[in-house]
Amino acid sequence: MQPISLTQHLIEEQRRHANVNAELRLLVEVVARACKRISIALGKGALGGVLGEAGTGNVQGEAQKKLDVISNEILLEANAWGGHLAACASEEMADPYPIPDVYPKGNYLLLFDPLDGSSNIDVNISVGTIFSVLRCPEGVVNPTEKEFLQPGTQQVAAGYCAYGPNTLLVLTTGHGVNVFTLDREIGSFRLTRANAIIPEDTSEFAINASNQRFWEPPMQRYVADLLAGATGPRGRDFNMRWVGSMVGDVHRILTRGGVFIYPLDAKVKAKGGRLRLLYEANPMSFIVEQAGGAATTGRSRLMEVQPEHLHQRVPVFLGSKHEVETATRYHLDPAAA
Ligand code: P6P
């Protein structure tokens with residue numbers, strides 16, 4: 001029997017869970033459709049004339065790839081007319097994007113990193129789209145940045161689309177995590193892994209080790225103990241992976257466990273971290289927690305951080321529950337670790 005489609009899954013969730021209503025179902029389906037278009041654009045590679053730099057920069061001060069801009073536009077256009085959103089916010093745009101007045105507005109706010117890891121595009125390594133859904137506060141018709149500044153615990157849904165050897169949509173609406181694989185022949189996402197669970201323990205860590213000399217002392221000790229392996233306090237050997245695309249690393253962790261860390265280091269301390277809170281760290285933390293994992297800033301639960309501005313950055317420790325707790329303990333009580 002064919003695995004069920006994303007639409008059937010969402011209709012069944014709508015029947016079971018009050019928080020999954022028709023508007024949220026439409027939102028997720030619209031985002032999924034946009035991700036299919038992004039996957040097609042990526043798949044053309046050099047033949048599509050869309051590789052390389054756009055010649056513009058974004059609010060992060062980063063040079064934009066052509067596909068950053070294209071992916072952002074695909075998501076904005078797809079979400080403009082459905083009547084499910086009040087506004088969008090994107091890594092690629094300085095300010096929130098209000099739904100044009102010609103269209104009806106809805107009750108949700110959508111935040112996204114349209115193409116995470118885009119530095120990997122030109123070398124054909126997996127990239128992804130990350131999205132987060134918040135409720136627009138009651139009575140607010142024209143939301144501004146303020147309405148987006150909600151802690152991650154307020155998310156009603158989150159997900160990512162991983163553009164790898166196959167295109168996968170990973171989704172949570174607060175009732176576990178489900179993985180859908182794009183059937184390119186019929187253009188439908190099919191449920192291929194229901195209720196994904198992250199192993200609580202792991203022997204695999206993901207970090208950009210080239211930043212080692214910039215790490216804080218607890219981070220230095222934690223990683224040194226991982227590298228000491230069986231000869232050190234951890235008493236077992238560890239393996240390291242670093243994709244350079246958060247979506248790639250997080251999906252590996254969702255699949256076989258692991259811990260992903262982008263800590264506060266001397267290079268990024270002034271900015272508050274490397275990764276963005278609202279449309280990278282929060283949605284990934286929601287997914288990881290819903291799959292039985294954990295997500296902290298190294299010192300406290302990540303989804304409880306109260307955002308102060310739209311593009312705020314945050315240190316990220318997420319993945320296998322016990323390993324995240326261990327890494328966090330090094331920071332909270334160095335002697336006890
Ligand atoms: P670095 C990609 O730019 C990104 O935002 C994440 O997807 C990725 O995990 C991280 O930055 C990579 O950072 O410093 O290793 O290039």
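**Notebook: loops, a sheet and a surface patch**

I began with Asn195, which lies in the loop between β10 and β11 (204–206). The model I am reading is a predicted one. I looked up the backbone of Asn195 and found phi near 50°, a positive value in a residue other than glycine. I noted this because most residues other than glycine have a negative phi.

Next I turned to Asn124. I found Asn124 in the loop between β5 and β6. Its phi is positive too, at about 60°, and Asn124 is not a glycine. Is Asn124 buried or exposed? I read a relative accessibility of 74%, so Asn124 counts as exposed; the cut-off for exposed is over 50%.

**The sheet**

I then traced the strands. I found an open sheet of eight strands, in the order β4-β3-β5-β6-β7-β8-β9-β10. The pairing in this sheet is mixed. Which strands stand at the edges? They are β4 (97–98) and β10 (188–193). Each has a single partner strand, so one side of each is left without a neighbour in the sheet. I kept in mind that strands of a sheet pair through backbone hydrogen bonds, either parallel or antiparallel.

I checked both partners of β6. Strand β5 (residues 108–116) pairs with β6 in the antiparallel sense, over seven bridges. In that pairing I picked out Leu109, whose bridge partner in β6 is Leu134. Strand β7 (residues 157–163) is joined to β6 by seven bridges, and these two strands also run antiparallel. Here I noted two pairs. Ile130 stands opposite Tyr160 in β7. Ser132 has Ala158 in β7 as its bridge partner.

**The loop between α5 and β12**

I looked up two residues in this loop, Arg234 and Asp237. The loop runs between α5 (217–228) and β12 (239–240).

Arg234 came up buried, with a relative accessible area of 18%. What does its side chain join? I found a polar contact of 2.7 Å between the side chains of Arg234 and Glu323. I also listed the contacts of Arg234 beyond four places in sequence. They are Tyr222, Asp225, Leu226, Gly229, Glu323, Thr326 and Tyr330.

Asp237 is exposed, with a relative accessible area of 54%. Leaving out residues up to four places away in sequence, I found Asp237 touching Ser203, Gly229 and Ala230. The side chain of Asp237 reaches the backbone nitrogen of Ala230 at 2.7 Å. I then checked Ser203, which is 34 residues from Asp237 along the chain. The C-alpha atoms of Asp237 and Ser203 are separated by 7.0 Å.

**A surface patch**

Last, I went to the surface. Which residues form a nonpolar patch there? I found Trp81, Val102 and Tyr103, with about 330 Å² of accessible area together. I followed up on Trp81. Trp81 lies in the loop between α3 (66–80) and β3 (85–90). Its relative accessibility is 43%, so Trp81 counts as partly exposed. That class covers values between the buried cut-off of 20% and the exposed cut-off of 50%.

How values were computed. Residues are numbered from 1 along each chain as its sequence is written. This is a predicted model: local features need pLDDT of at least 70, side-chain atom pairs count only at pLDDT 80 or more; totals for chains, interfaces and linings use all residues. Side-chain values use heavy atoms; hydrogens and water are left out. Patches are made of residues with over 30% relative accessible area and no salt bridge: like charges are joined within 9 Å, nonpolar side chains (Val, Leu, Ile, Met, Phe, Trp, Tyr) within 5 Å. Accessible areas come from the Shrake-Rupley method with a 1.4 Å probe; for residues, only the protein chains shown count as cover. A salt bridge is a side-chain nitrogen of Lys or Arg within 4 Å of a carboxyl oxygen of Asp or Glu. Helices (H or I, at least four residues) and strands (E, at least two) are DSSP runs, numbered from the N terminus. Buried means under 20% relative accessible area, exposed over 50%, partly exposed in between (1.4 Å probe, protein chains only). Contact means heavy atoms within 4.5 Å. A polar contact is a pair of N or O atoms within 3.5 Å; within protein, one must be able to donate a hydrogen and the other to accept it, and residues adjacent in sequence count only if both atoms are side-chain atoms. Two strands pair if DSSP finds at least two bridges between them.
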